[in-house]
Amino acid sequence: MSLGEMTELFKDHINPGQLHFMKLLGFHKVKIETASGMYYTDQNGRKILDFFGGFGSLALGHNHPRIIKARKDFQDEDRHEIAIAFMSQYASALAKNLAAIAPGDLDMVFLGSSGSEAMEAAIKVAERAAGPKRPKIVYAANSFHGKTKGVLSLTDSELYRGEFQLTGNTVKVPFGDIDAIRAAFETDPEIGVIVLETIQGGGGIVEAPVEFWQQLRALCDKHGVLWIADEVQCGMGRSGHFFAFEKAGVVPDVTALAKSLGAGKCAMAAMIASRKVYMKAYGTPKTAMIHAQATFGGIGEACVTAIEGLNVMYDEDLIGNAAQVGSYLINRLNELKAKYPQIIKDVRGSGFMVGLEFQDFSQTLPALLRPMVALLDDKLKGSLSGFVGAELLRDHDVLVAFTEYNRNVIRLEPPLICGPEHVDQFIEALDTVLGRGIVRIVRDFIGSQTKK
C-alpha cells in the first residue's frame, strides 16, 4: 500500500480529524514498514529512534526475538486460544506470575485487553467491596484513567468527557494534596474508594512525594477507604520499580497494568486485587460471575506473550536499566535546561517516564515582546512542543510524544532497552534543535507547512 493510499483510507474510514493534527506535525509523511529494538524503519529506509514508546507500551522494544519465538511456538503447536468453557493453563500461569511479582496480598487477577478495561474492573471490584453505603469515589485533577464510559467519570478532561452522561458518585481533589484527601475522608462518610495514577502521564509526568503515598495508605486504613493505584502507564518497570508505588514501600488494595504487559505484540491488561477485597466483591458462587473475564480476557497467545515478556524483563534486568539509564537521561536533560533556561522550564520523572516542560511561548522571546505575546500564551500552549517534536522527527529521525493536559510538555517513554548511546543520540538532536533559537524553529515549522 502506498503512503497516499494509506492516507486516503485513514481519512475515509478511521479519523479524518486526527489526520489534520498529523499533518501539522509532519507525521502523515511517514509510513512505517518495519520496527526492531529501539527503531522504526519507514518507507524510505530511514531509521527513527523511538522515544515515544507507544505511551509506555514497548518496554521490550519492537519485535523482541524471544517474544516472536514464544508466539510462533504457540502457533506451531496448535495451542488453544479461547478458554471460556474450560480453564486456561496460560491464564492461570500468568495470573500466578503477576501475583508472585505484586507485593503484599495483591494476588487475585482479572485479565483483559486494555488499560480502560483493567481500570473498569478495578473500580467495580473496589466499589462492590466498599459496599452500597459507601458509593463515592475520589479521583484527582488532571487524571487519566481511560475513555470507556465508567472510568471516563474519573478522567479529568472536558474534551474526553464531551457531553456524555457520566456517573455522579465522584469527588475531585488536587493530585498529591494529602490535606484535601484527609478533609474529604473526614467530612464525607460515603467515600469508599480513591483512585490515583501513581505517576500522572496525561497530566504532564507529575509525581507525588514518597511521604504522600505513605500518608495516603495510613489515611485509607484509618477511614476504611480502598486505594486503587492506576499503574497502566507507569507500571511494568517504567519508573525503575516494577510498580511505581513500590518506591514508597506501600501497597494499594487494587492495582492495574496494561500497555507493556503485552510485550509490544498483543493487547493485554490485568487488574490485581487483594484477596480480601476480591472475595468480598465476588467471593461466592452467587456473585462470582458478576464481573468474570470477557471472551478475549486471558486469550492463550496473549497470556504466553505476557509471560515471556515478564521473563525477558527480569532476565535482562530492564527494570534496573530503566533506573540507571533513566537517571542518565534526566541528568542530560538537566544539562540542556541549564543551557537553555529561556526555553526549558522543567525536567521531571523517574526511570523512563520523563517529562520535558517548555516555558510559555512569551518567555522564550526577547523581554520587549513578552508582555504583548503573554496575552496569547494560553492559546499558544503546546505550540513550542509541537514545533520541536515535528523538527526532531523531520530533521533528526527522533520520535517523541506529547501530553493531554499540559501541552507544553514533551513526554519521553522510550523502551526499557534504551541504552546511553540512544540517550546521547536523542540529546544531540534536541540540543541541535534548541540551539537554532525560537525564531528559526518557528520559521522552519511554518516553512514545512507549505511543502507537500
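Start by selecting Phe175, Phe212, Trp213, Trp227, Phe242, Phe243, Phe245 and Tyr314: ring pairs link these residues into a cluster. Two rings of Phe, Tyr or Trp (for Trp, the six-membered ring) pair if their centres lie within 6.5 Å; planes under 30 degrees apart count as stacked, over 60 as edge-to-face and the rest as tilted. By this rule the count comes to 12 aromatic pairs.

Before you click on, remember that this is a predicted model: local features need pLDDT of at least 70, side-chain atom pairs count only at pLDDT 80 or more, and totals for chains, interfaces and linings use all residues. Residues are numbered from 1 along each chain as its sequence is written, and side-chain values use heavy atoms, with hydrogens and water left out.

**Stop 1**

Helices (H or I, at least four residues) and strands (E, at least two) are DSSP runs, numbered from the N terminus.

Buried means under 20% relative accessible area, exposed over 50%, and partly exposed in between (1.4 Å probe, protein chains only).

**Stop 2: two tyrosines in one helix**

Now pick tyrosine 278 and tyrosine 282. This pair is edge-to-face, with 5.5 Å centre to centre and 70° between the planes. The two tyrosines are four residues apart in helix α11 (residues 275-282), so about one helical turn separates them. Tyrosine 278 counts as buried at 18% relative accessibility, and tyrosine 282 is buried too, at 4%.

**Stop 3: valine 251**

Go back to the loop between β10 and β11 and select valine 251. Valine 251 is partly exposed, with 24% relative accessibility. What does valine 251 touch, not counting residues up to four places away in sequence? Show Pro103, Gly104, Leu106, Arg217, Trp227 and Phe245, and you have its contacts. A contact means heavy atoms within 4.5 Å.

**Stop 4**

Select phenylalanine 55 in helix α3 (residues 53-56). Its phi is near 50°, a positive value in a residue other than glycine. Phenylalanine 55 is partly exposed, at 30% relative accessible area.

Then jump to aspartate 78, in the loop between α4 (65-76) and α5 (89-101). Here phi is near 55°, again positive in a residue other than glycine. Aspartate 78 is exposed, at 68% relative accessibility.

**Last stop: zoom out**

Along its principal axes, the C-alpha trace spans about 65 × 60 × 45 Å. Of the 452 residues, 53% are buried. Among contacts with a separation of 6 or more, 70% are between residues 24 or more positions apart.
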